[in-house]
Amino acid sequence: MKTKILACAMATLFVVAGAAPVTAEVVINQKAKKFDKKKIEIKKGETVKFVNSDSISHNIHSRSAGYKFDLGVSKPGTTASKVFDKAGKFKVRCAIHPKMKLTVKVN
Ligand SMILES: [Cu+2]
């Protein structure tokens with residue numbers, strides 16, 4: 001019985017360690033009503049973390065065909081994360097500031 005539990009725990013550890021590259025995180029900073037990058041390329045399953053370093057709120061969303069999402073209003077000093085679990089090229093925008101543009105290419 002003990003051996004079974006140990007084997008199970010080891011298998012879990014292996015899965016967590018093996019999954020590490022898939023859960024990689026890319027940080028995008030928002031400052032002066034801009035994303036700090038215009039284009040990023042990530043792998044399917046990776047997370048993009050949007051940090052709001054502005055003194056105003058932002059609202060990250062995408063209206064790209066087949067991949068619509070809305071992270072809602074993110075207040076100054078907060079972060080909002082999005083897992084991109086679909087391959088493709090997506091336009092990320094801020095609903096409050098239309099000039100904020102980011103293209104996310106998911107491979
Ligand atoms: Cu904004």
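Where is the place of lysine 91? I looked it up: lysine 91 sits in strand S8. Strands here are DSSP runs of E, at least two residues long, numbered from the N terminus.

**Set-up.** I am working on a predicted model, where local features need pLDDT of at least 70, side-chain atom pairs count only at pLDDT 80 or more, and totals for chains, interfaces and linings use all residues. I number residues from 1 along each chain as its sequence is written, and side-chain values use heavy atoms, with hydrogens and water left out.

**Copper site.** I listed the protein donors of the copper ion. They are His58 (ND1), Cys94 (SG) and His97 (ND1), at 1.9 to 2.2 Å from the ion. Donors are N, O and S atoms within 2.8 Å of the metal (3.2 Å for Na, K and Ca); water is not among the atoms, so sites may look incomplete. I wrote down the sequence spacing of the donor residues as H-x35-C-x2-H. Histidine 58 is in strand S5 (residues 58-62), and histidine 97 is in the loop between strand S8 (88-94) and strand S9 (101-106). The two histidines are 39 residues apart and link distant parts of the chain.

Are these histidines buried or exposed? Histidine 58 is buried, at 0% relative accessible area. Histidine 97 also counts as buried, at 12%. My cut-offs: buried is under 20% relative accessible area, exposed is over 50%, and partly exposed lies in between (1.4 Å probe, protein chains only).

**Salt bridges.** I took a salt bridge as a side-chain nitrogen of Lys or Arg within 4 Å of a carboxyl oxygen of Asp or Glu. How many does this rule give? The count is two.

I checked lysine 49 with glutamate 25; their side chains meet at 3.9 Å, N to O. Lysine 49 is in strand S4 (residues 46-52) and glutamate 25 in strand S1 (residues 25-31), so the bridge ties together parts 24 residues apart in sequence. Both ends are partly exposed: lysine 49 at 25%, glutamate 25 at 47%.

I then checked glutamate 41 with lysine 105, again a salt bridge at 3.9 Å, N to O. Glutamate 41 belongs to strand S3 (residues 39-42) and lysine 105 to strand S9, so this pair ties together parts 64 residues apart in sequence. Glutamate 41 is exposed at 56%. Lysine 105 is partly exposed at 34%.

**Charged patch.** I went back to lysine 91. Lys39, Lys89, Lys91 and Lys101 form a positive surface patch. Patch residues have over 30% relative accessible area and no salt bridge, with like charges joined within 9 Å.

Note on methods
Helix = DSSP H or I, 4+ residues; strand = E, 2+ residues; numbered from the N terminus. Patch = residues over 30% accessible without salt bridge, like charges linked within 9 Å, V, L, I, M, F, W, Y side chains within 5 Å. Areas by Shrake-Rupley, 256 points an atom, 1.4 Å probe, with all protein chains shown as cover. Lys, Arg positive; Asp, Glu negative; His and termini not counted. Charge placed at Lys NZ, Arg CZ, Asp CG, Glu CD.
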